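This report covers how two chains meet and the surroundings of one residue. The structure is shown first.

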Amino acid sequence: MTLKITVDPSSTPTLKLVGRLDTDTAPQLDAELNKVLARKGIKRLVFDLGGLDYLSSAGIRCFVRARKGLEPNGGTVAIVNPQPGVRKVLDIVKAIPAKGIFASVAELDEYLDAIQQQVRDQ
Amino acid sequence: MAVPIYAAAMYLSYRSAAQQLELGAERDADELASRLAAELDAVIRPIEGGIRTVAAQLEEIDPPREQYEARIRGVLAAWPDVYGSTIAVETGSAHPGSGPFAPYFFRRGGGVAFSDLALDSYSYRTLPWYRRAADGRGPVWSSPYFDAGGGETWMVTYSVPFYRRPADAPRALAGVVTADLDLNWVRAAVQNAALGPIGMGWLLSPPGEESFVAPIGATPARIAAFDSSITEQTFRAAGERMLASGVTFDLVRGATAEPVYLAVRGLETLEWRLMLAIPRAELLADARALLERQLLLGAVGLVLLIAAISFVAAGISRPIHALAESVDGAREGAFDFRLPEARRRDEVGVLTEALRRMRDSLQRHIELRAEDLAARERLEHELAIAASIQQSMLPHGAADAHPAGARVAAALLPAKQVGGDLYDYFERDSGLLFAIGDVSDKGIPAALFMASVSGLFKVLGSAGELPERLLARVNERLAASNDACMFATMGCGFLEVDTGLVRYASAGHDHPLLLELGGSIEPLQAENGPALAVETPAVYPLTERLIAPGDTLVLFTDGVTEAAAADGSLFGLERLIALLRDGAGLGAPDVLVRRIVEAVTTHAADFHATDDLTVLAVAFAPRGVTPSRSADGEQWLIEPGLSAAGCREARHWTRQILAARRVAAGRIDDVELITEELVTNVVRAASEAGGASQLSLTLALMPAEIVLTLRDNGVEFDPLARATPNLDLEIAERDVGGLGIHLVRELADECRYARIDDCNVLTIRLNRNVA
């Protein structure tokens with residue numbers, strides 16, 4: 001079992017994970033994260049877990065690393081579309097705050113639109 | 001048989017001869033009696049008449065007494081047999097003046113002498129000869145008497161009374177005329193009588209104080225010759241009894257030493273009796289002689305007859321004996337026995353000819369049989385070679401029977417020397433390809449077709465085809481040239497030894513049985529395609545089934561299920577399942593196969609008369625996993641290396657095993673996650689000081705529970721003792737360590753740590769079904 005990572009290189013980078021994220025594949029994701037986090041001015045990082053079948057603590061550490069990299073600079077990490085098994089693991093360890101987890105990309109977009117509206121209103 | 005019949009005939013003949021002789025003797029007696037009577041009468045009757053005439057004259061005239069002499073002398077002169085005669089006159093009132101007067105003249109010395117009976121001393125009127133005639137008023141004969149004073153001879157007296165009628169007086173006795181008869185002449189007459197060739201005889205006067213007896217003819221001499229103690233008295237009582245009862249001829253026993261025939265006749269003359277005694281032995285001497293002659297002749301005849309029969313019988317039995325001896329040699333199988341050449345025209349000849357024909361056809365038969373036997377031996381020899389070639393087509397040997405990841409065992413027992421069953425297996429592409437097949441029919445055609453199927457399977461199987469395609473291609477090739485209209489069923493499977501996935505397809509073959517580690521048994525469901533070589537193209541649907549290490553697939557041909565016992569009951573699928581269920585031979589296919597073969601051959605009364613029997617067992621035995629059966633379930637011992645690869649291996653088998661047992665996907669994920677977290681921890685610590693050098697993981701599957709037991713030999717460390725991480729802290733303040741253990745605790749229903757035998761033992765329990 002392997003992990004396939006697709007990176008959407010927009011201003012809001014999205015890492016699409018397909019496969020299994022575990023001890024074996026976490027270094028792969030770490031490598032991609034290093035590249036993404038190296039870029040300046042990234043406010044938001046999205047993990048699309050629609051294709052992720054399995055997640056272990058090694059993978060969760062990747063998400064924690066992403067948060068530690070972005071949040072001190074006001075950035076946020078969001079997780080979209082987790083399968084029930086993965087969602088269960090995420091819920092157990094609370095690696096991502098519940099408000100950062102979205103059932104779908106549309107839900108995330110709605111959330112992001114609302115934030116932008118708040119900023120414009122200020 | 002002949003002897004009793006002959007004896008009976010002899011006896012009857014003897015009896016008949018004896019009867020004839022008896023009748024003859026009786027007749028002889030009659031004849032002698034009448035002859036003697038006639039002879040006596042010839043003498044006596046004239047005398048009687050003469051005396052009566054004298055008496056009658058004396059009644060007519062009363063001559064003076066001096067004339068009496070002349071009359072008496074006249075009597076003597078007339079009948080020489082009269083010894084003496086008298087005329088005795090009555091005295092008394094009727095004849096006054098007349099004194100006793102009885103002049104008696106008798107013969108003496110050639111002349112005639114006188115004696116006066118009227119002397120005082122001789123009161124004749126009171127004497128019997130006078131009184132009987134006087135009182136009887138008629139002529140009377142006296143009994144014979146011996147005249148001691150006179151003639152010194154046996155006498156008998158005839159007395160005739162005479163009467164007169166004096167004037168004016170009634171008729172009264174006047175006197176008695178007598179004649180004394182000397183019986184010597186009777187004796188002489190009797191003595192001269194011809195007696196006949198045998199026997200003794202007597203003339204007897206009636207029994208009394210004195211009785212006259214005259215032996216007849218040669219009697220005295222015969223008595224002397226026969227038995228000198230015999231007299232007429234010997235038979236007198238028996239003879240008188242016979243006379244009294246009217247029997248004239250009888251066999252008298254007891255009177256003499258030997259039985260004697262007695263013939264008795266009463267003569268009218270003087271009431272005399274004629275008695276003839278004939279010893280039986282003498283009378284029947286002729287009959288006996290006849291009998292003896294006949295016996296002798298019979299015996300000789302019998303001997304001659306037996307000799308003749310023996311001769312004739314020997315003429316038949318000798319050649320038959322000879323034949324029997326000749327034929328007897330055939331008992332030891334020597335059918336070339338010699339038979340007599342001589343052509344006889346009788347039954348023996350017919351028999352000899354029949355035996356000759358039998359011998360010749362037997363010899364021909366034996367020759368044919370010998371040729372037959374030789375041909376059969378050749379065929380047997382060729383069959384033996386064929387059988388060995390056929391066996392060589394099958395995989396052999398225990399060592400190479402265990403390709404990596406699987407253990408295989410098989411048995412093929414052909415019903416005949418060669419058979420139509422086949423099996424095959426070989427390692428290919430990290431897996432094991434295996435197949436079992438059953439060709440229609442038995443014997444050589446089936447064997448040849450089997451060879452063809454087997455060859456195609458090897459070639460096409462090695463080319464990398466998977467079961468469903470492999471069967472389709474084998475079918476194509478077989479159907480293309482199947483003029484003999486043979487067909488075969490075949491089950492074909494491929495076991496991926498990395499995963500336990502079985503791909504299986506069937507061409508009309510019986511479903512294999514899947515024997516799980518825990519003992520449950522189910523058919524490996526496969527939708528059947530058509531038998532091979534029947535139609536083309538044909539589709540063989542694929543069945544996929546994940547099996548766990550320790551599971552065994554049992555493939556078999558109908559020689560197993562259709563093996564019939566003496567009572568006709570088939571071995572059947574139920575017996576096979578029951579046999580597998582007891583768990584012996586689990587994970588050891590060779591034991592399993594042996595037990596099945598034993599059970600089937602024990603069940604089948606005459607195993608080789610039925611069908612080929614083939615069993616193929618494939619057990620899944622990947623390296624690094626040790627399956628075992630526990631009291632309440634199954635368990636697998638996994639021994640991963642202390643490396644990332646080891647960790648992967650542990651997770652892989654955990655997942656595969658649970659998937660094979662159809663545990664829900666989410667629960668499988670949970671168990672895999674727990675495995676990963678725990679094994680990763682041990683592996684990570686292994687490089688550090690005090691880290692483990694050995695790790696084992698046991699996955700146990702109970703009806704309701706999944707139990708993971710992790711055992712390592714590192715320094716004592718209880719991961720559960722670590723405090724639950726504070727998940728509510730800001731991310732920057734959080735320590736990422738302890739997340740794995742936290743996950744484990746959250747996912748598991750129970751976690752326990754123990755230090756056992758210098759090992760850390762962590763036991764994790766989960767409900768088998770997701771809550």
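## Helix packing between the chains

Helix α3 (residues 84–93) of chain A packs against α17(B) at an angle of about 115 degrees, with the axes 10 Å apart. The two helices are therefore roughly perpendicular (65 to 115 degrees). The crossing of α3(A) and α17(B) is right-handed. Residues in contact have C-beta atoms, placed from the backbone, within 7 Å. The residues that make this contact, by helix, are:

| Helix | Residues in the contact |
|---|---|
| α3(A) | A:Val89, A:Ile92, A:Val93 |
| α17(B) | B:Leu739, B:His742, B:Leu743, B:Glu746 |

They divide into 5 nonpolar, 1 polar and 1 charged.

This is a predicted model: local features need pLDDT of at least 70 and side-chain atom pairs pLDDT 80 or more, while totals for chains, interfaces and linings use all residues. Residues are numbered from 1 along each chain as its sequence is written, and chains are lettered from A and ligands numbered from 1 in the order written.

## The whole contact

Chain B gives 19 residues to the contact and chain A gives 18. On the side of chain B, the elements with two or more residues are α15 (644–660), α16 (665–686) and α17 (739–747). The largest share, 6 residues, comes from α16(B). The residues of this side of chain B comprise 9 nonpolar, 4 polar and 6 charged.

## B:Leu76

B:Leu76 lies in helix α2 (residues 68–78) of chain B. B:Leu76 counts as partly exposed because it has 17 C-beta neighbours inside 10 Å (buried is 20 or more, exposed 12 or fewer, partly exposed in between). Beyond its neighbours within four places in sequence, B:Leu76 is in contact with B:Val82, B:Ser85, B:Phe105, B:Arg107 and B:Val112. B:Phe106 is 30 residues from B:Leu76 in sequence and 7.7 Å away, C-alpha to C-alpha.

Conventions. Two residues are in contact if their C-beta atoms, placed from the backbone, lie within 7 Å. Helices (H or I, at least four residues) and strands (E, at least two) are DSSP runs, numbered from the N terminus. Ala, Val, Leu, Ile, Met, Phe, Trp, Tyr, Cys and Pro count as nonpolar, Asp, Glu, Lys and Arg as charged, and the others, Gly among them, as polar. Axes are lines fitted to C-alpha atoms, for helices over the stretch in contact, and angles run from 0 to 180 degrees between N-to-C directions. Angles under 35 degrees count as roughly parallel, over 145 as roughly antiparallel, 65 to 115 as roughly perpendicular and the rest as oblique. A crossing is left-handed if the near helix is turned anticlockwise from the far one by less than a right angle, and right-handed if clockwise.
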